[in-house]
Amino acid sequence: MAEMLQPKNQNLRLTKYEYRLVFSKEGRARYISHLDLLRTFQRVFKRAGIPLWYTQGFNPHAYMMFPLALSLGTDSRVEILDIALTEKLPFDEVRDRVNREMPEGMSIISAGEPVMKHTEIAFAEYEIRFCMTGMTGSETEESFLRFGEQEKIEVEKRTKKRGINLVDIRPHINILGTDRCEGLAVISLRLPAGTEFNLNTNVVIEAFESFCGSKVDLIYTKRTKILTKDLENFI
Amino acid sequence: MEEIRKKVEQLLLKTQKPARYIGGEHGSVVKDKSKVDVRFAFCFPDVYDVGMSHLGMKILYGLKNAVPNYWCERVFMPEKDFEALMRENNIPLYALESLDPIKDFDFIGFTLQYELSFTNVLEMLDLAGLPVYARDRKGLTPIVVGGGPCVCNPEPIAAFFDLFILGEGEEVNLELMRLYEKMKPSAPTKEEFLREAAKIEGIYVPQFYDIAYNEDGTVASITPNVPEAKPKIRKRVIADFDHTYYPDTFVVPFTGIVHDRVVVEVLRGCIRGCRFCQAGFIYRPFREKDISTIASETKTLCEQTGYEEVSLSSLSTSDHTKITELLTTLSDYTDKENINLSLPSLRIDTMSKEIVDRIAAVRKSGLTFAPEAGTQRLRDVINKNLTEDEILRTCRLAFAEGYQTVKLYFMLGLPDETDEDVEGIAELAQKVVELYYQTPKEQRGKSVQVSVSCATFVPKPFTPFEFEPQATPEQIKHKQGHLLDCIGSKKIKISYHQQNVSVLEGVLARGDRRLAEAIYCAWRKGCTLDSWDEHFRFDLWQEAFAECGTDTAFYANRRRSYEEITPWSHLDYLVSHEFFVRENKKAHEAKTTRNCAEGCSGCGIKKECGGVYCG
């Protein structure tokens with residue numbers, strides 16, 4: 001009976017229940033751009049019959065929020081999507097229903113209540129497996145370590161107001177470890193992330209390219225963690 | 001596959017919209033290769049964004065994949081940036097589902113939707129690592145097949161294909177694949193297979209026909225050279241259209257495409273008989289789906305894809321015999337599900353105000369009319385039965401509702417067109433503008449914009465105008481200039497299509513086999529993606545025509561006699577030659593022909609084809 005009292009038009013349903021989904025985006029799905037990801041999820045939820053809550057503005061749209069964008073081509077199993085529903089559904093049910101409709105390479109790993117605020121995101125960790133043209137994995141690794149030993153790593157940054165200027169990114173790069181695997185160098189990095197200051201792995205790799213005067217031959221990037229300023233997992 | 005995948009993955013980061021080149025979309029079909037007997041690479045010879053919007057591909061993809069041991073995959077033309085990367089890195093053209101090279105497939109099928117995609121076919125064959133000329137592909141597979149509307153005159157590209165499929169593909173595609181499945185174990189030669197295939201109705205094997213030419217360049221004769229080749233090849237028609245296969249899901253792309261929504265086909269064929277319109281004749285007869293079929297297909301597809309928009313597809317949706325009931329039924333469902341129902345090709349004059357309001361409530365876009373010609377006389381010549389009164393009446397209503405933009409589509413270079421007809425375009429646009437100012441201020445919108453779009457008329461085979469000369473670029477230039485001189489209001493905006501594109505389209509549309517060399521030559525010079533303004537290189541096409549000694553005026557600007565043997569005269573699209581001659585004569589007398597709903601005009605289509613108004 002309670003359901004019958006709900007207005008038919010979902011736009012008028014005001015109660016909302018918030019969910020935080022952790023999802024993976026790997027393999028073929030790593031090439032879905034950020035904009036396309038939004039559209040992809042809209043259709044996934046529609047197929048799964050998940051009652052999304054719509055924003056109440058002049059142009060109502062399903063509420064979906066990705067607090068931290070993922071670069072095109074980067075794999076991840078720690079991505080965050082916040083949604084709101086008009087009905088309270090068990091977390092596991094949301095996860096399972098959505099997973100039945102997900103495209104190849106994407107799945108919901110967990111669904112829960114949002115605990116932290118988006119602004120608490122401060123860092124992200126990455127694992128980059130790669131090698132440079134004309135270099136072996138161990139040469140790439142050694143070279144990257146030398147790259148990290150520099151006092152300054154200056155990159156060009158384009159801003160709207162001041163045009164192009166040089167920024168030192170060295171203080172922001174935290175090399176957590178290096179290794180080799182199947183002929184590739186494996187680098188673990190922690191970089192600033194979030195709304196205040198964000199450093200993309202592409203920027204680091206481009207700086208490395210000019211450092212060693214060679215282009216990337218093969219590269220696989222994976223985001224492994226999203227962290228707060230106290231290095232706690234963002235939940 | 002693994003090797004291609006690894007290479008492609010690295011390149012995707014260097015290309016625009018990489019999601020177009022890697023597959024993996026919801027609804028794409030991946031099968032276990034060891035359980036598949038026939039593999040079909042369905043190629044759309046244009047980029048992903050265009051090809052993925054094509055309904056025919058969705059239908060045939062679903063149809064073939066519904067057979068457990070057949071696997072149909074999608075292939076599109078890469079954009080120039082990715083094509084260059086593929087060539088640099090020795091990546092052969094691959095199919096999006098398996099990422100396997102298509103040269104190893106049993107069939108490679110191209111849908112030929114417009115003439116300007118012809119060079120893309122050559123490019124795709126070459127990217128696949130195959131010789132482009134059929135005569136140079138000696139083995140049985142891949143068998144290169146072509147279908148779609150351009151197959152009604154496939155002669156200019158016949159040299160590149162093993163066979164063509166005429167007409168609707170739902171039945172004949174499976175018949176062809178079954179024949180192949182049956183013959184494959186006995187390892188036939190390509191010729192043995194093609195001779196058997198030629199026995200199937202609707203299948204045209206160009207190499208089994210010899211063409212002789214007269215001294216004046218016209219065709220002297222078209223003669224079958226094997227017993228299996230029929231003197232006339234008839235197009236295929238689905239007589240029971242209401243029960244024919246329709247997919248229950250679509251491949252849902254990640255990246256935006258041209259038509260990104262559910263599409264439900266409500267009717268096929270057209271009753272109108274506009275004399276310039278090839279689609280209006282080659283898709284005859286007019287057949288429609290039951291309301292319950294359309295409603296259930298709409299619901300299933302919306303649920304399966306997650307799209308929030310559905311569009312009805314047809315040549316003229318309002319000609320459905322139960323249009324009001326149909327729209328009421330559908331909008332009951334779409335309203336409830338927050339789905340947007342969009343209705344292209346709708347004639348507002350035939351519907352109740354209630355329905356118009358209901359549809360208009362969704363989105364107040366603009367009004368679009370296609371009067372095609374500026375005066376009633378010329379509209380009678382082309383048999384376009386839309387009167388000035390109808391246009392003005394609808395505009396008056398629309399302006400009172402607050403509409404601010406009206407688009408008017410016209411063609412320049414129609415048969416028997418005079419300067420007076422060109423002036424008529426400007427006058428009609430002016431009348432629409434004036435109508436806006438006559439609307440009370442409190443009702444009308446803030447301003448008005450009338451967009452006049454002028455295409456160049458290109459005569460096409462299997463129309464009453466197939467005999468007509470195409471207007472020369474000089475004539476069109478004069479007409480365009482004259483039209484601009486006649487426009488007085490700043491509220492009227494005129495736009496034209498690129499003139500040289502129409503010239504090429506005109507040559508290819510009514511060309512013969514001798515054009516193959518010029519097409520090959522143009523492609524060799526770098527002509528691909530000709531339908532994209534930024535890639536179209538008319539200078540290279542002109543070089544190619546010059547080098548091959550092609551007289552473009554012979555194909556485009558010459559009047560053909562009723563008796564001339566056309567390059568497509570061995571193909572039978574069921575509408576009779578006599579009907580086209582009759583219609584052509586009536587056109588020159590500016591006499592209209594009634595539409596099929598008003599009464600049969602004897603076009604030659606038989607009752608057995610399932611037409612609503614036939615027999």
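Is the crossing of α17(B) and α18(B) right-handed or left-handed? In this predicted model, the crossing of these two helices is right-handed. Helix α17 of chain B spans residues 516-524 and helix α18 of chain B spans residues 538-547; their axes come within 8 Å and cross at roughly 135 degrees. Helix α17(B) is therefore oblique to α18(B), since angles over 145 degrees are needed to count as roughly antiparallel and those from 65 to 115 as roughly perpendicular. On the α17(B) side, the contact is made by B:Ala518, B:Cys521 and B:Ala522, which meet B:Leu540, B:Trp541, B:Ala544, B:Phe545 and B:Glu547 of α18(B). By class, 7 residues of this contact are nonpolar and 1 is charged, with no polar residue taking part.

In chain A, strand β1 (residues 17-25) pairs with two strands, β3(A) and β4(A). With β3 (residues 74-85), β1(A) runs antiparallel and is joined by 8 bridges; within this pairing, A:Glu18 has A:Ala84 as its bridge partner in β3(A). The pairing of β1(A) with β4 (residues 106-112) is also in the antiparallel sense and extends over 6 bridges. Here the bridge partner of A:Ser24 in β4(A) is A:Ser107.

The two chains also touch each other. The contact between them involves 18 residues of chain A and 19 residues of chain B. On the chain B side, helices α1 (2-12) and α9 (291-305) each supply at least two of the residues that touch chain A. That side of chain B consists of 9 polar, 8 nonpolar and 2 charged residues.

Notes:
Residues are numbered from 1 along each chain as its sequence is written. Chains are lettered from A and ligands numbered from 1 in the order in which they are written. This is a predicted model: local features need pLDDT of at least 70, side-chain atom pairs count only at pLDDT 80 or more; totals for chains, interfaces and linings use all residues. Two strands pair if DSSP finds at least two bridges between them. Helices (H or I, at least four residues) and strands (E, at least two) are DSSP runs, numbered from the N terminus. Two residues are in contact if their C-beta atoms, placed from the backbone, lie within 7 Å. Ala, Val, Leu, Ile, Met, Phe, Trp, Tyr, Cys and Pro count as nonpolar, Asp, Glu, Lys and Arg as charged, and the others, Gly among them, as polar. Axes are lines fitted to C-alpha atoms, for helices over the stretch in contact, and angles run from 0 to 180 degrees between N-to-C directions. Angles under 35 degrees count as roughly parallel, over 145 as roughly antiparallel, 65 to 115 as roughly perpendicular and the rest as oblique. A crossing is left-handed if the near helix is turned anticlockwise from the far one by less than a right angle, and right-handed if clockwise.
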